[in-house]
Amino acid sequence: MYTLALAFGGVVLTSCDDDERMPSYEVLTFEEPSWANYIDSKQYGGSLLYGTGTGYTEEDFEAGKVYNWKDQNTMLSSTLTFGWGSYCYWNGGIAVSNYIDSNIEEHKDFDYQLAVPKSNGSKNFAVVYCEASMTFADKVAREIASMDVSPTTFQLGVTTYGDDKAKSLAKEGELVLHITGIMPNDSEQELTTVYLAKNGTLLTDWVTINVCPAGVKVKGLKFTMTGSDASDWGGINTPTYFAFDNVKVLGE
């Protein structure tokens, strides 16, 4: 398993070579014009991610009405997570976004949950909330070599300044992204951990991380977060958001 350590300024140190081992690959970039159809009209409560406001039912899922996407180049796909009786982004999911908002001091709530503080030069990217996953739609296992990762405006604002629910992590504490592989036999194996906050250092910009060790193929990835600011209900108080882009998948 790779463990990624933050250096000041958002530099990530990894334990293996990156693109040198990739003879050919497809990249999930979210840049084709059709991806604009997956960007909600507002960041919280929009009709794409929240339906009529109460979420999507299991019947909606069977009918193909639930927010979901599939990339034709890599075959990676995702749908909203089911919980509390419905499919809805508040249960977790991967949303396509193009929102950029650098105001981390003031914009520390759900109304800014799909924004990132800095552009990586792309028009679109994805924002993950809570526990979520993406899988290969054709069920063929592939090696996911690397991806770009960023904090979100909401998450970075709270980890920097704190709010009425969560502590600042700017001086101490941690927020950790766990990337787990869904293996060909359907078991799960943690592949990478990324520290969004650790020992007073915060990830503030986009970084490229290695995902699968060379030769390891997965049917998909599962994203979860842990942190030091524990809540009374068993989770963490820190907002569990991050963004990703440019997922490189080795050709078969």
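Biologist: Let's start with the second largest pocket: how many residues line it, and which lie nearest its centre?
Modeller: The lining has 13 residues, and Asn68, Ser77, Ser78, Thr79 and Thr135 lie nearest the centre. Keep in mind that this is a predicted model.

Biologist: Which elements give two or more residues to that lining?
Modeller: Those are strand 4 (68-70), strand 5 (76-79) and strand 12 (132-136). Strand 12 gives the most, with four residues.

Biologist: And how much space lies in there, about?
Modeller: About 200 Å³ for the second largest pocket.

Biologist: How does its lining divide into nonpolar, polar and charged?
Modeller: Five residues are nonpolar, seven are polar and one is charged.

Biologist: Back to strand 12, then. Which of its residues make up the covered face, and which the uncovered one?
Modeller: Ala132, Met134 and Phe136 form the covered face, while Ser133 and Thr135 are on the uncovered one.

Biologist: How many bridges does strand 12 have with strand 5, and in which sense do they pair?
Modeller: Two bridges, in the antiparallel sense. Ser77 has Thr135 as its bridge partner in strand 12, and both of these residues are among those nearest the centre of the second largest pocket.

Biologist: How many bridges join strand 12 to strand 18?
Modeller: Four, and those two strands also run antiparallel. Within strand 18, Phe223 is the residue opposite Ala132.

Biologist: What does Tyr89 touch, leaving out residues up to four places away in sequence?
Modeller: Its contacts include Leu49, Tyr50, Leu80, Gln113, Leu114 and Tyr241. Ile94 and Ala95 are also touched by Tyr89, and so are Val127, Val128 and Tyr129.

Biologist: Switching to the largest pocket: what's its volume, about?
Modeller: About 550 Å³. Helix 3 and strand 18 (220-227) are the elements that give two or more residues to its lining.

Biologist: How many residues line it, and which are nearest its centre?
Modeller: There are 21 lining residues, with Tyr129, Trp233, Ile236, Asn237 and Thr238 nearest the centre. By class, ten are nonpolar, five polar and six charged.

Biologist: Last one, helix 3. How many of its residues are buried, and what covers them?
Modeller: Eight of the nine residues in helix 3 (153-161) are buried, including Phe154, Leu156 and Val158. Their cover includes strand 10 (115-116), strand 14 (174-182), strand 15 (188-198), strand 16 (201-202) and strand 19 (241-250). Gly162 follows helix 3 and has a positive phi, near 75 degrees.

Technical notes. Residues are numbered from 1 along each chain as its sequence is written. This is a predicted model: local features need pLDDT of at least 70, side-chain atom pairs count only at pLDDT 80 or more; totals for chains, interfaces and linings use all residues. Side-chain values use heavy atoms; hydrogens and water are left out. Buried means under 20% relative accessible area, exposed over 50%, partly exposed in between (1.4 Å probe, protein chains only). Contact means heavy atoms within 4.5 Å. On a 1 Å grid over the protein atoms alone, a cavity is a set of points where a 1.4 Å probe fits but cannot get out, and a pocket is an open set with protein on both sides within 12 Å along at least five of seven lines; lining residues have an atom within 4 Å of a point. Grid points are joined across faces, edges and corners, and a volume is the space filled by probe spheres set on the points. Ala, Val, Leu, Ile, Met, Phe, Trp, Tyr, Cys and Pro count as nonpolar, Asp, Glu, Lys and Arg as charged, and the others, Gly among them, as polar. Two strands pair if DSSP finds at least two bridges between them.
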